[in-house]
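Got a model on the screen and a few things to ask about it? Let's go through it question by question.

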Amino acid sequence: MDWRQELVERLAATVPGGYFARSEAASEPTALAGLALAANGNTAAARRAADWLVEQQATNGAVGVTSTQNAPCWPTSLAIMLWQTIGDRDRYGAPIARAIDWTLDDQGETHVQRPYVGHDTTLAGWSWAANTHSWLEPTALFVLALKSVGQSQHPRTREAVRLLVDRLLPHGGCNYGNTIVLGQELLPHVQPTGIVMMALADEQNADPRVELSLQYLERELSAETTTASLSYGLLGLSAHNRTHDNQLAWLETAYERTIPQDASPYKFALIALASTTDYPFTAHP
């Protein structure tokens with residue numbers, strides 16, 4: 001059996017799953033698993049993931065992090081993407097609509113511009129937790145979610161895209177969302193760079209930092225890169241039609257080291273997404 005087929009079968013058996021084997025089911029790994037399973041043709045298992053997320057959805061439309069923690073609600077973005085990917089409007093149309101309403105109403109805190117902070121603090125995206133500043137990964141995931149449901153031109157999406165570009169580092173890449181603090185340029189991280197590149201893939205943006213960020217990913221990725229960073233880094237490149245000759249070998253290595261370590265559904269899902277033949281995240285006009 002091909003390792004990718006084995007991976008998909010293992011992943012299907014974990015739904016709904018958590019961050020580690022036998023840990024509490026959580027929204028992020030379950031949504032990622034559903035997206036990976038849908039991309040690999042296992043619609044039945046993807047629906048199990050999607051149905052579980054519907055059960056976690058609050059009346060206001062938000063989806064919390066686990067079945068026992070209804071906040072913070074950043075996984076709502078991933079739930080939207082999975083429900084939209086499956087495409088069953090009778091089953092998921094109402095949850096999508098409620099989730100979109102919550103998403104458009106929610107935003108990170110903004111602040112007046114300060115001279116010692118390098119990024120534009122007046123732009124609003126989304127945050128990890130309520131009543132905190134907008135940060136890159138949740139903002140990029142909500143941009144992907146809104147684009148998946150045809151809201152690419154919504155004012156919130158457009159402002160969030162400006163935020164993502166504004167937070168790119170001068171020499172390429174990005175981190176959690178800071179650029180220059182007290183005159184010091186901060187370091188980039190692979191995972192957020194990959195996620196942001198996914199969100200910016202269909203943008204007609206001439207900012208040179210986008211190309212520099214893609215080059216940063218190409219330089220940094222290797223067989224030794226940790227699983228989440230490797231997977232998101234490769235997805236970020238794939239979104240821009242870039243591949244690496246060794247990427248499947250790297251992902252296979254990541255899969256093989258995950259099995260004896262923790263059999264993590266979260267890691268299985270990310271590896272499965274990054275190893276799909278076709279890029280699994282698409283925007284709708």
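Q: Which helix is Leu146 found in?
A: Keep in mind that this is a predicted model. Leu146 is found in helix 6.

Q: Is Leu146 buried or exposed?
A: The cut-off for buried is under 20% relative accessible area. Leu146 comes in at 1% relative accessibility, so it counts as buried.

Q: Which residues does Leu146 touch, not counting residues up to four places away in sequence?
A: Contact here takes heavy atoms within 4.5 Å. With the sequence neighbours set aside, Leu146 touches Thr103, Leu104, Trp126, Gln151, Ser152 and Thr157.

Q: How far apart in space are Leu146 and Tyr92?
A: Along the sequence, Leu146 and Tyr92 are 54 residues apart. Going C-alpha to C-alpha, the separation of Leu146 and Tyr92 is 15 Å.

Q: Why is helix 4 described as largely enclosed by the rest of the structure?
A: Look at which of its residues are buried: Thr76, Ser77, Leu78, Ala79, Ile80, Met81, Leu82, Trp83 and Ile86. Helix 4 is largely enclosed because its buried residues number nine of the eleven.

Q: Which helices do the buried residues of helix 4 pack against?
A: Leu78 and Trp83 are among the buried residues of helix 4. The packing partners of that buried set are helix 2, helix 3 (43–56), helix 5 (89–105) and helix 6.

Q: Which residue takes a positive phi just after helix 4?
A: The phi angle in question is about 85 degrees. The residue that takes it, just after helix 4, is Gly87.

Q: Is Ser27 buried or exposed, and what does it touch?
A: Ser27 lies in helix 2. Its relative accessible area is 0%, so Ser27 is buried. Not counting residues up to four places away in sequence, Ser27 touches Trp52, Leu53, Val63, Gly64, Val65, Thr66 and Pro75.

Q: What is the nearest side chain of opposite charge to Glu159, and how far away is it?
A: Glu159 sits in helix 7 (residues 155–166), and beyond four places in sequence it is in contact with Thr122, Leu123 and Ala124. A salt bridge would need a side-chain nitrogen of Lys or Arg within 4 Å of a carboxyl oxygen. Glu159 is buried but has no salt bridge, and the nearest side chain of opposite charge is Arg162, 4.8 Å away.

Q: Which residues are closest to the centre of the largest pocket?
A: The largest pocket has a volume of about 360 Å³. Of the 20 residues that line the largest pocket, those closest to its centre are Pro280, Phe281, Thr282, Ala283 and His284.

Q: How many residues in the lining of the largest pocket are charged?
A: Helix 2 (27–39), helix 4 (76–86), helix 6 (136–148) and helix 8 (190–199) each supply at least two residues of that lining. By class, the lining of the largest pocket has 13 nonpolar and five polar residues, and the charged ones number two.

Q: Which helix gives the largest share of the lining of the second largest pocket?
A: The second largest pocket holds about 190 Å³ of space. Of its 16 lining residues, the closest to the centre are Ser238, Gln247, Ala274, Thr276 and Thr277. Helix 10 (227–239), helix 11 (247–261) and helix 12 (265–274) each supply at least two residues of the lining. The largest share, three residues, comes from helix 10.

Key
Residues are numbered from 1 along each chain as its sequence is written. This is a predicted model: local features need pLDDT of at least 70, side-chain atom pairs count only at pLDDT 80 or more; totals for chains, interfaces and linings use all residues. Side-chain values use heavy atoms; hydrogens and water are left out. Helices (H or I, at least four residues) and strands (E, at least two) are DSSP runs, numbered from the N terminus. Buried means under 20% relative accessible area, exposed over 50%, partly exposed in between (1.4 Å probe, protein chains only). Lys and Arg count as positive and Asp and Glu as negative; His and the chain ends are not counted. On a 1 Å grid over the protein atoms alone, a cavity is a set of points where a 1.4 Å probe fits but cannot get out, and a pocket is an open set with protein on both sides within 12 Å along at least five of seven lines; lining residues have an atom within 4 Å of a point. Grid points are joined across faces, edges and corners, and a volume is the space filled by probe spheres set on the points. Ala, Val, Leu, Ile, Met, Phe, Trp, Tyr, Cys and Pro count as nonpolar, Asp, Glu, Lys and Arg as charged, and the others, Gly among them, as polar.
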